[in-house]
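Have a look at the fold first, then we'll go through it topic by topic.

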Amino acid sequence: MAPKTKITKPEIIAAALDIVREAGAESLNARAVAAKLNCSTQPVFSNFSTMDELRESVIAAADDRYQKFLKRGMSDPQYPPYKASGIYYIRFALEEKELFKLLFMRDRTSEEIREEREKLSDLIALIAENTGLSQDDAYLFHVEMWLYAHGIAVTIATSYLSWDWAMISRMLSDAYEGMRLRYQNRGSETE
């Protein structure tokens, strides 16, 4: 009798991630993972005590994929690094629609949401350097820009609208320049 092939935790996560990429987060279950790996559900539950634990691992793997995608994008010489972060956020929504939905459009009612400002420190520093804003203002500037880019990304991820990259680039530039002027002129205006 041939020895059983041991299916590893990383293989299970990779299969689960593929299922989400192909059919969405709602398609992720033990049977689907087992079918993808050509095995029973036993290896899934030997490596993960619950499906929630597997889902958390899939979210972490999706986030890792997103972070690498964004890092590569920010070195694209076609755009300044901060603009590239918005372009590639939107591009991720186009190229990885289901992973984008999993990361940025899932119901977070039962999750503890922590603001992770330190994760944004490089982007905040870029904004502060390029605009002369304080760290606090640069952070708020980024949040506002992210909300704008997120709106574009959601319309693309849900196939509601589809714009070409020249239009998206222009829209991001317009928003950036408008907010930069607003922040720089803020002292002379009343709120």
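At what angle do α4 and α6 pack, and how far apart are their axes? The angle is about 115°, and the axes sit 10 Å apart. Bear in mind that this is a predicted model.

**α4 against α6**

- With angles from 65 to 115 degrees counted as roughly perpendicular, α4 and α6 are therefore roughly perpendicular to each other.
- The crossing of α4 past α6 is left-handed.
- On the α4 side, the residues that meet α6 are Val-58, Ile-59, Ala-62, Asp-63, Arg-65 and Tyr-66.
- Their partners in α6 are Leu-99, Leu-102, Leu-103 and Phe-104.
- Sorted by class, this α4 and α6 contact has 8 nonpolar residues, 2 charged ones and no polar ones.

**α5 against α8**

- Helix α5 covers residues 81-95 and helix α8 covers residues 135-157; their axes come within 8 Å and cross at roughly 25°.
- Angles under 35 degrees count as roughly parallel, so α5 is roughly parallel to α8.
- α5 goes past α8 in a right-handed crossing.
- From α5, the contact takes in Tyr-82, Tyr-89, Ile-90, Ala-93 and Leu-94.
- From α8, it draws on His-142, Met-145, Trp-146, Ala-149, His-150, Ile-152, Ala-153, Ile-156 and Ala-157.
- The class count for α5 with α8 is 12 nonpolar and 2 polar, with no charged residues.

**α7 against α8**

- α8 also packs with α7, here at an angle of about 110° with the axes 8 Å apart.
- That angle makes α7 roughly perpendicular to α8.
- α7 brings Leu-123, Ile-124, Ala-125, Ile-127 and Ala-128 to the contact, while α8 brings Gln-135, Ala-138, Tyr-139, Phe-141 and His-142.
- His-142 of α8 turns up in the contact with α5 and in the contact with α7.
- Between α7 and α8, the tally is 8 nonpolar and 2 polar residues, with no charged ones.

**The largest pocket**

- The largest pocket has a volume of about 1,600 Å³.
- Of its 41 lining residues, Gln-67, Phe-104, Lys-119, Leu-120 and Trp-146 are the closest to the centre.
- Two of those names come up in the helix contacts too: Phe-104 is on the α6 side of the contact with α4, and Trp-146 is on the α8 side of the contact with α5.
- Helices that each supply at least two lining residues are α4 (51-73), α5, α6 (97-104), α7 (121-131), α8 and α9 (165-184).
- Which helix gives the most to this lining? That would be α8, with 7 residues.
- By class, the lining of the largest pocket splits into 19 nonpolar, 14 charged and 8 polar residues.

**The second largest pocket**

- The second largest pocket holds about 350 Å³ of space.
- It is lined by 14 residues, and those closest to its centre are Arg-55, Glu-56, Ile-59, Arg-106 and Glu-111.
- Ile-59 is also one of the α4 residues that meet α6.
- Here α4 gives the most to the lining, with 5 residues.
- The lining of the second largest pocket divides into 7 charged, 6 nonpolar and 1 polar.

How values were computed:
Residues numbered from 1 in each chain as written. Predicted model: local features only at pLDDT ≥ 70, side-chain atom pairs only at ≥ 80, totals over all residues. Heavy atoms only, no water. Axes fitted to C-alpha atoms, helices over the stretch in contact; angles between N-to-C directions. Helix = DSSP H or I, 4+ residues; strand = E, 2+ residues; numbered from the N terminus. Parallel < 35°, antiparallel > 145°, perpendicular 65-115°, else oblique. Left-handed = near helix turned anticlockwise from the far one by under 90°. Contact = heavy atoms within 4.5 Å. Nonpolar A, V, L, I, M, F, W, Y, C, P; charged D, E, K, R; others polar. 1 Å grid on protein atoms, 1.4 Å probe; cavity = no way out; pocket = protein on both sides within 12 Å on 5 of 7 lines; lining within 4 Å. Points joined across faces, edges and corners; volume = space filled by probe spheres on them.
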